[in-house]
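Hi everyone, and thanks for coming. I'd like to walk you through a structure that may be new to you, so let's bring it up on the screen.

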Amino acid sequence: MASIFSKIISGEIPAYKVAETDDFLAFLDINPNAKGHTLCIPKKEENKIFDLSEEEYLALMKFSRKVAHAIEKVIDCKRVGMTVIGLEVPHVHVHLIPLNSMEDARFIAKEKLSTEEFEQIATAIGNAF
């Protein structure tokens, strides 16, 4: 069964896309820890990150690094943190979270953003990519 991320890749479900290549997609998390919280995913559906081939894993990290640099250019933060948990959606995804404190990485407090804010952030990060 296709994951929600596979449905985003296919265009069945809309997303605030930030960056895309033939193999990867980055889009804003719709329940973000902080403004600019972005998910980077492989277009190939794989449940666990360490089940990716070494080549796929390294390519995902390279893509995520480039997206993180773009986030840092447009979001005011001390750094961009990265986490891979993978329990909520059975499709590999890297969380890139703009951090100003450890609380931003805890997945407890969430930002409430308007559609316009999501669109502006996605465009800004995409332009910096």
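**Starting from the strands**

A26 has C40, in β3, as its bridge partner. Before I go on, a word on what you are looking at: this is a predicted model, in which local features need pLDDT of at least 70 and side-chain atom pairs count only at pLDDT 80 or more, while totals for chains, interfaces and linings use all residues. Residues are numbered from 1 along each chain as its sequence is written, and side-chain values use heavy atoms, with hydrogens and water left out.

When I say helix or strand, I mean DSSP runs, H or I of at least four residues for helices and E of at least two for strands, numbered from the N terminus. Two strands pair if DSSP finds at least two bridges between them.

So, back to that pair. Strand β3 covers residues 38-42, and five bridges join β2 to β3, the two running antiparallel. On the β1 side, three bridges join β1 to β2, again antiparallel. There, E20 has L25 of β2 as its bridge partner. With three residues between them, β1 and β2 form a hairpin.

Is β2 enclosed or open to the outside? Five of its five residues are buried, so β2 is largely enclosed by the rest of the structure. Buried here means under 20% relative accessible area, exposed means over 50%, and partly exposed is in between, with a 1.4 Å probe and protein chains only. In a regular strand the side chains alternate between the two faces of the sheet. Here, F24, A26 and L28 point one way from β2, while L25 and F27 point the other way.

In soluble globular proteins, nonpolar side chains tend to be buried together. The largest one has 27 residues, and V18, C40, L60, V67 and L96 touch the most other members. At least two residues each come from β1 (17-20), β2 (24-28), α2 (54-74), β5 (94-99) and α3 (115-128). Helix α2 gives the largest share, seven residues. There is also a second, separate core of seven residues, which includes F5, I8, F27 and L39.

Let's look at L96 for a moment. Contact means heavy atoms within 4.5 Å. Leaving aside neighbours within four places in sequence, the contacts of L96 include G36, H37, T38, C40, V67, I71 and M82.

**A buried histidine in a loop**

Next, please find H91, in the loop between β4 (79-83) and β5. H91 counts as buried because its relative accessibility is 0%. Which residues does H91 contact, beyond its neighbours within four places in sequence? Among them are S3, F5, I9, I41, P42, K44 and N47.

**The largest pocket**

Now for the space inside the largest pocket, which is about 320 Å³. Of its 18 lining residues, F5, D29, I30, N31 and L39 are the closest to the centre. The lining divides into twelve nonpolar, three polar and three charged residues. Helix α1 (4-10) supplies the largest share, three residues.

For those who like the details, the search runs on a 1 Å grid over the protein atoms alone: a pocket is an open set of points where a 1.4 Å probe fits, with protein on both sides within 12 Å along at least five of seven lines, and lining residues have an atom within 4 Å of a point.

In helix α3 you will find E119, which is partly exposed, with a relative accessible area of 41%. E119 and L28 are 91 residues apart in sequence, and their C-alpha atoms are 9.3 Å apart in space.

F107 is in the loop between β5 and α3, and its phi is near 60°, a positive value in a residue other than glycine. I108 is in the loop between β5 and α3 too, and is exposed, with a relative accessible area of 57%.

Methods. A nonpolar core is a set of buried Ala, Val, Leu, Ile, Met, Phe, Trp, Tyr and Cys residues joined through side-chain atoms within 4.5 Å. Grid points are joined across faces, edges and corners, and a volume is the space filled by probe spheres set on the points. Ala, Val, Leu, Ile, Met, Phe, Trp, Tyr, Cys and Pro count as nonpolar, Asp, Glu, Lys and Arg as charged, and the others, Gly among them, as polar.
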